[in-house]
Amino acid sequence: MAGFLPALAQPKSEPRPQSEYPVATDARIEQNGETVRLSMMLSASVAVDAWVQASPDRVIVELPSTNFQIQSSAKRSAGFVSGYRYGLFTADKARIIIDLAHPATIAKAEVKTVRGGFGELTIELKKTARADFLAEAGKVLKPAPAIPAPASAKAAGETRRTIVIDPGHGGIDPGATVAAIAEKAVVLAFGKALKEQLEGNGRYRIVMTRDDDRFVSLGDRVQIGRGEQADLFISIHADSLTQAQEVRGATVYTRSERATDAEAARLAAKENEADAVAGLETSEELQDVAGILMDLARRETRTFTGVFARNLVEKLGGSIKMHKIPLRSARFWVLSAPDVPSVLIELGYMSSPKDAELLNSPEWRGKAVTAVSAAIDDYFARERASVGKAAESRN
């Protein structure tokens, strides 16, 4: 099924161990008149690049892969800077993204070597008029980096089903954050546990879109599924609703052009902003390069996706708390592969105190992982049975 259309994936570069990255500490941000200064101490002097970007207004600071050890109590806003975030961006780059409440230009962006071989990162921003900001943003168009998807490691003669597990967010994109717990960490722990359980039975070949704290663009997640010729693509998330802490429970989402309800549409819009969070300009999905073949693939994929999604809801519902509307659909970009059955599982709401407690519980995680694994087993068992019946009818 997944091989119906040509795969577009390429080899990905492997990251260095985080122990080899320069370490960033002691972040400080302060305002002085119409200037805001952000500084960090680094364990080594490194090269730095910075530029402004509009819609939304922000400053992007790029440096080599860095281990950010910034204290959680560090001040995050000052003057016209409404906040900043940081994290790994690619295998060899990190980013700091500074959100602007008012247009500003970069007065200084440097790493100065200080005593002991350490580095001091300084970013100075100066308030400016919108016309000047837009002119500056237009000078430097930073293309989206080529973050190549891994080449399929599927050996010739491989008969096991391939399942791609996609822990959402990562790196500079933390996802929902509640009480210093980031969604990216919760879903990565779940993804690793699911991988371990599925590999244990020897029936599946498992690929993860990320197995560490790195950023992976939405388009690259889709391409990994296609490049690996996946039989299933499972994206893992854990949302947050700031105005509705009583809402809780897991939900299974599929892709559709029209959302089943307003909440599903809101969630899809939020998840679709993942690339923008990392400072990327992104186009939604693959172009229709195969015409009728693409349409046929989408129809068949939609059928398989629906079967798996319903099975997943049934199995999860027998083990963990589900949302009152457990099966929904909306226009999720990460589910847009035309030839790979794809679902998105919201494990629960981190904004719910009860869900947040469960999401960080190894016991609850074990139950949920077992339920997802059972749904996968049942899905492929039904597929094998239907293929067998079709063969019998032809004889």
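Q: How much space lies in the largest cavity?
A: The model is a predicted one. Counting cavities of 30 Å³ or more gives two. The space in the largest cavity comes to about 100 Å³.

Q: Which residues that line the largest cavity are the closest to its centre?
A: The lining of this cavity is made up of 17 residues. Elements that give two or more residues to it are α3 (218-227) and β14 (232-239). The closest to the centre are L218, R221, H237, E271 and A274.

Q: How many charged residues are in the lining of the largest cavity?
A: Sorted by class, this lining has eight nonpolar residues and five polar ones. The charged residues number four.

Q: Which element gives the largest share of the lining of the second largest cavity?
A: The second largest cavity has a volume of about 50 Å³. Its lining consists of R248, G249, K321, L347, G348, D355, L358, L359 and W364. The largest share is three residues, and the element that gives it is α7.

Q: How many nonpolar residues are in the lining of the second largest cavity?
A: The classes here include two polar and three charged residues. The nonpolar residues number four.

Q: In the salt bridge of R248 and D355, which residue is buried?
A: The side chains of R248 and D355 meet at 3.0 Å, N to O. The pair links distant parts of the chain, with R248 in the loop between β14 and β15 and D355 in helix α7, 107 residues apart. Buried means under 20% relative accessible area, so R248, at 22%, counts as partly exposed. At a relative accessible area of 5%, the buried residue is D355.

Q: Which residue of β17 is the bridge partner of T251?
A: Eight of the eight residues of β17 are buried. Strand β15 (residues 250-255) is joined to β17 by three bridges, and the two run antiparallel. The partner of T251 in β17 is E346.

Q: What span does helix α2 reach from its first C-alpha to its last?
A: Helix α2 covers residues 183-200, which makes 18 residues. At 1.5 Å a residue, the expected span is 26 Å. The span in the model is close to that value, at 26 Å.

Q: Which residue with a positive phi follows α2?
A: Within α2, the buried residues are E183, K184, V186, V187, L188, F190, G191, L194 and L198. After the helix comes a residue whose phi is near 75 degrees. That residue is G202.

Q: Which element gives the most to the lining of the largest pocket?
A: The largest pocket holds about 770 Å³ of space. Of its 29 lining residues, Y86, P174, A180, A182 and K184 are the closest to the centre. The elements that give two or more residues are β5 (67-68), β6 (81-90), β12 (181-182) and α2. With five residues, the one that gives the most is β6.

Q: How many polar residues are in the lining of the largest pocket?
A: By class, this lining has 14 nonpolar and five charged residues. The polar residues number 10.

Q: In the salt bridge of E136 and K139, which residue counts as exposed?
A: The two side chains meet at 3.3 Å, N to O. E136 and K139 are separated by about one helical turn, because they lie three residues apart in helix α1 (residues 130-139). E136 has a relative accessible area of 32% and is partly exposed. At 61%, the residue that counts as exposed is K139.

Q: What is the relative accessible area of R382, which meets D378 in a salt bridge?
A: D378 and R382 meet through their side chains at 3.0 Å, N to O. The two are four residues apart in helix α8 (residues 362-394), so about one helical turn separates them. R382 is partly exposed, with a relative accessible area of 42%.

Q: Which residues are linked in a network of salt bridges?
A: Side chains of opposite charge can pair when their charged atoms come close. Over the whole structure, the search finds 26 salt bridges. A network of such bridges links D26, R28 and E120.

Technical notes
Residues are numbered from 1 along each chain as its sequence is written. This is a predicted model: local features need pLDDT of at least 70, side-chain atom pairs count only at pLDDT 80 or more; totals for chains, interfaces and linings use all residues. Side-chain values use heavy atoms; hydrogens and water are left out. On a 1 Å grid over the protein atoms alone, a cavity is a set of points where a 1.4 Å probe fits but cannot get out, and a pocket is an open set with protein on both sides within 12 Å along at least five of seven lines; lining residues have an atom within 4 Å of a point. Grid points are joined across faces, edges and corners, and a volume is the space filled by probe spheres set on the points. Ala, Val, Leu, Ile, Met, Phe, Trp, Tyr, Cys and Pro count as nonpolar, Asp, Glu, Lys and Arg as charged, and the others, Gly among them, as polar. Buried means under 20% relative accessible area, exposed over 50%, partly exposed in between (1.4 Å probe, protein chains only). Two strands pair if DSSP finds at least two bridges between them. The expected span of a helix is 1.5 Å times one less than its number of residues. A salt bridge is a side-chain nitrogen of Lys or Arg within 4 Å of a carboxyl oxygen of Asp or Glu.
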